[in-house]
Amino acid sequence: MRLILLGPPGSGKGTQAQRLVQRYGIVQLSTGEMLRAAVAAETPVGLKAKDLMANGQLVPDDVVVGIISDRIDQPDAAKGFVLDGFPRTVPQAEALDELLKKKHLRLDAVVELRVNESALLQRVETRVAEMLARGEEVRVDDTPEVLAKRLAAYRSQTEPLIHYYSERRKLATVDGMMTIEQVTREVNRILSAVGALEPKVATARKAKARKTARPAAKKVAKTSKKAVKTARKAAKSASRGAKTAGNKKAARKAVSAARGRGGASAQKTVRKAAKKVTKKRAKR
């Protein structure tokens with residue numbers, strides 16, 4: 001599974017990304033974390049990014065895409081990934097498309113968490129007021145003013161991606177103002193509709209069902225074998241009874257007795273035996 005989560009700051013992308021990681025066994029790709037990891041690992045792309053950041057420059061798209069490329073190639077990303085915070089612009093989306101094409105990978109879905117910006121600002125204002133009332137220090141980047149700037153940047157840079165992915169029929173929109181659980185259910189429904197990988201939970205259940213089915217199948221086979229054995233015994237008994245009685249009436253009684261002992265298979269065998277005895281008597 002390979003998907004992108006889109007949404008403004010405070011829309012809950014991080015929370016939903018973590019839930020997807022736990023449920024589907026995929027990895028979360030955060031550009032910030034990947035950059036730091038690449039720099040720490042001193043990969044060729046990481047060293048390039050390190051030099052740029054040391055000089056106070058922004059890391060260009062080609063370097064970021066290079067880091068994503070390296071990360072996708074790691075074993076833990078084999079089951080798939082969720083991109084949170086990338087792409088932020090249409091050129092980045094185009095570069096990502098080209099990268100996936102080269103790797104012969106397909107993007108399954110782009111899920112947009114749509115929220116009410118005024119409600120987000122109100123949430124931050126309430127949180128800040130509560131923190132101040134408790135005498136707690138408010139983070140500089142956790143204020144209504146900073147959030148307003150980040151929302152404006154999202155509208156100008158990232159919102160065009162909604163049209164970009166909508167044209168490519170990859171976009172699905174979810175009401176981000178619902179509860180966390182409701183958003184999770186809707187995201188999972190979308191992923192199921194596009195044929196994403198089954199969750200680990202469902203896979204485990206199927207494995208358990210197969211494990212449980214094996215003993216049941218063995219039991220059925222054993223019971224069937226026993227029934228066949230019983231049917232054969234019933235057939236022999238019926239044949240002997242028919243020979244002793246020497247007439248059709250006795251054969252019918254034997255068939256009737258065999259019904260309760262051997263089932264349908266026994267009945268069929270008994271009828272054959274009775275018919276055989278009747279033919280012998282006719283010849284005499």
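**Reading helices, sheet and cores**

Reader: Which residues of helix α8 are buried?

Author: In α8, L161, I162, Y164 and Y165 are buried, where buried means under 20% relative accessible area, exposed over 50%, and partly exposed in between, with a 1.4 Å probe and protein chains only. Down the axis of α8 these buried residues fall within an arc of 165 degrees, so they line one face of the helix; the arc is taken from the directions from the helix axis to the C-beta atoms. This is a predicted model, in which local features need pLDDT of at least 70 and side-chain atom pairs count only at pLDDT 80 or more, while totals for chains, interfaces and linings use all residues. Residues are numbered from 1 along each chain as its sequence is written, and side-chain values use heavy atoms, leaving out hydrogens and water.

Reader: What covers the buried residues of α8, and which exposed residues does the face turned away from them carry?

Author: The cover of the buried residues of α8 includes β1, α5, β4, α7 (144-158) and β5, while the face turned away from the buried side carries the exposed residues H163 and E167. Helices (H or I, at least four residues) and strands (E, at least two) are DSSP runs, numbered from the N terminus. After α8 comes R169, whose phi is positive, near 55 degrees.

Reader: How do I read helix α5, and what span should its 13 residues have?

Author: An α-helix has 3.6 residues a turn, so residues three or four places apart point the same way. Helix α5 (residues 90-102) has 13 residues, which at 1.5 Å a residue should span 18 Å, and its end C-alpha atoms are 19 Å apart, which agrees; the expected span is 1.5 Å times one less than the number of residues. In α5 the buried residues are Q92, A93, L96, L99 and L100, and they cover an arc of only 120 degrees around the axis, which puts them on the same side of α5. They pack against β1, α4 (61-72), β3 (81-84) and α8 (160-167), whereas the face of α5 turned away from its buried side carries the exposed residues K101 and K102. Just after α5, H104 takes a positive phi of about 60 degrees.

Reader: In what order do the five strands of the open sheet stand?

Author: The order is β2-β3-β1-β4-β5, with parallel pairing, and two strands pair if DSSP finds at least two bridges between them. The edge strands, β2 (27-30) and β5 (171-175), each pair on one side only. Strand β1 (residues 2-6) is joined by four bridges to the parallel strand β4 (residues 109-114), and I4 stands opposite V110 in β4.

Reader: Which members of the largest nonpolar core touch the most other members?

Author: In soluble globular proteins, nonpolar side chains tend to be buried together. Here the largest core has 31 residues, of which I4, I68, L83, L96 and Y165 touch the most other members; such a core is a set of buried Ala, Val, Leu, Ile, Met, Phe, Trp, Tyr and Cys residues joined through side-chain atoms within 4.5 Å. The largest share of this core, six residues, comes from α4. Apart from it lies another core, of 18 residues, among them L20, V174, I190 and L191.

Reader: Is T184 buried or exposed?

Author: T184, in helix α9 (residues 180-193), is buried, with a relative accessible area of 13%. Leaving aside its neighbours within four places in sequence, T184 is in contact with Q16 and R19, where contact means heavy atoms within 4.5 Å.
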